[in-house]
Amino acid sequence: MKHSLLVLWMGLCISGPVMAEVQVAFTPGQAQTLVLETLNRAQSQIDLVAYSFTSEPVVRALLAAQQRGVQVRVVVNAKTAEEKHGKAAYLASQGVAVRLNGRYSIQHNKFAVIDHQTVQTGSANYTASAFTRNAENVVVMDNEPVVASAYQQEFERLWYEAF
């Protein structure tokens, strides 16, 4: 089941109040669908960080985004990048900018920043197991530029320390 919550944010906005939307989904269930819907609506940028990355549907969504002109960058935990079914090397072979982060015992983040205003995060890795066999969660925060900025800064930090 996927849940949505509309939030009226009364921050410092020149154009007035902003309607933020938060969606949550769980596994097994709608978590993969929510991740794919979020990636599929990207218009300019997807910056994704993964601990483990083996999901064929997520690979297809990232490649489709790149084909429609979206800038796609991916940071993957270096120790899991060489998993039996790992997709980091395949994405790189298809022209996606991919870097491996091996600085930490475990680079355990799982998040994506989309179009500088949407964040997708949660416990779910981008793997078939996470989406079909585990108990995981996914949270998407739309129209949240402050939150997106914080995640974007973390993405940039991880990107520039990766190889």
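This is a predicted model: local features need pLDDT of at least 70, side-chain atom pairs count only at pLDDT 80 or more; totals for chains, interfaces and linings use all residues.

Q: Okay. How many residues does H2 have, and how far does H2 reach from its first C-alpha to its last?
A: H2 has 12 residues and reaches 16 Å. That is close to the 16 Å expected at 1.5 Å a residue.

Q: What caps the N-terminal end of H2?
A: Ser 55 does. A side-chain oxygen of Ser 55 lies 3.3 Å from the backbone nitrogen of Val 58.

Q: And what follows H2?
A: Gly 69, with a positive phi near 95 degrees.

Q: Which residues in H2 are buried?
A: Val 58, Val 59, Ala 61, Leu 62, Leu 63 and Ala 65. The buried residues of H2 pack against H1, S3, S4, H3 and H4.

Q: Zoom out. How many helices and strands are there in the protein?
A: Five helices and eight strands. From the N terminus, the elements run β-β-α-β-α-β-α-β-β-β-α-β-α.

Q: How much of the protein is buried?
A: Buried residues make up 45% of the 163 residues. As for contacts, take those between residues at least 6 apart in sequence: 68% of them join residues at least 24 apart.

Q: Now the largest nonpolar core. Which residues touch the most other members?
A: Leu 39, Ile 46, Leu 48, Phe 53, Val 58, Leu 62 and Tyr 126, out of 35 residues in that core. Several elements each supply at least two residues, including helix H1 (31-40), strand S3 (45-50) and strand S8 (137-142). The largest share, six residues, comes from H2.

Q: What does Leu 48 touch?
A: Setting aside residues up to four places away in sequence, Leu 48 touches Leu 39, Leu 62, Arg 73, Val 74, Val 75, Phe 111, Ala 112, Tyr 126 and Phe 155.

Q: Switching to aromatics. How many aromatic pairs are there, counting ring centres within 6.5 Å?
A: Three.

Q: Why is the pair of Phe 111 and Tyr 151 called edge-to-face?
A: The planes are at 70 degrees, so the pair is edge-to-face; the cut-off for that is over 60. The ring centres are 4.9 Å apart.

Q: Which parts does that pair tie together?
A: Phe 111 lies in strand S6 (residues 111-114) and Tyr 151 in helix H5 (residues 145-161), so the pair links parts that are 40 residues apart in sequence.

Q: Is Phe 111 buried or exposed?
A: Phe 111 is buried, at 1% relative accessible area. Tyr 151 is partly exposed, at 25% relative accessibility.

Q: What about Phe 155 and Trp 159: what sort of aromatic pair do they form?
A: A stacked one, 5.8 Å centre to centre with 20 degrees between the planes. Both residues lie in helix H5, four residues apart, about one turn of the helix.

Q: Which residue lies over the face of Trp 159?
A: Arg 73, at 5.1 Å from the ring centre.

Q: Last one. Where is Asn 125?
A: Asn 125 is in the loop between strand S7 (118-122) and H4. Asn 125 counts as buried, at 13% relative accessibility. Beyond its neighbours within four places in sequence, Asn 125 contacts Tyr 51, Ser 52, Lys 110, Ala 130 and Phe 131.

Conventions. Residues are numbered from 1 along each chain as its sequence is written. Side-chain values use heavy atoms; hydrogens and water are left out. Rings of Phe, Tyr and Trp (its six-membered ring) pair if their centres lie within 6.5 Å; planes under 30 degrees apart count as stacked, over 60 as edge-to-face and the rest as tilted. Buried means under 20% relative accessible area, exposed over 50%, partly exposed in between (1.4 Å probe, protein chains only). A charge sits over a ring if NZ of Lys or CZ of Arg is within 6 Å of the ring centre and within 35 degrees of the ring normal. A nonpolar core is a set of buried Ala, Val, Leu, Ile, Met, Phe, Trp, Tyr and Cys residues joined through side-chain atoms within 4.5 Å. Contact means heavy atoms within 4.5 Å. The expected span of a helix is 1.5 Å times one less than its number of residues. A polar contact is a pair of N or O atoms within 3.5 Å; within protein, one must be able to donate a hydrogen and the other to accept it, and residues adjacent in sequence count only if both atoms are side-chain atoms.
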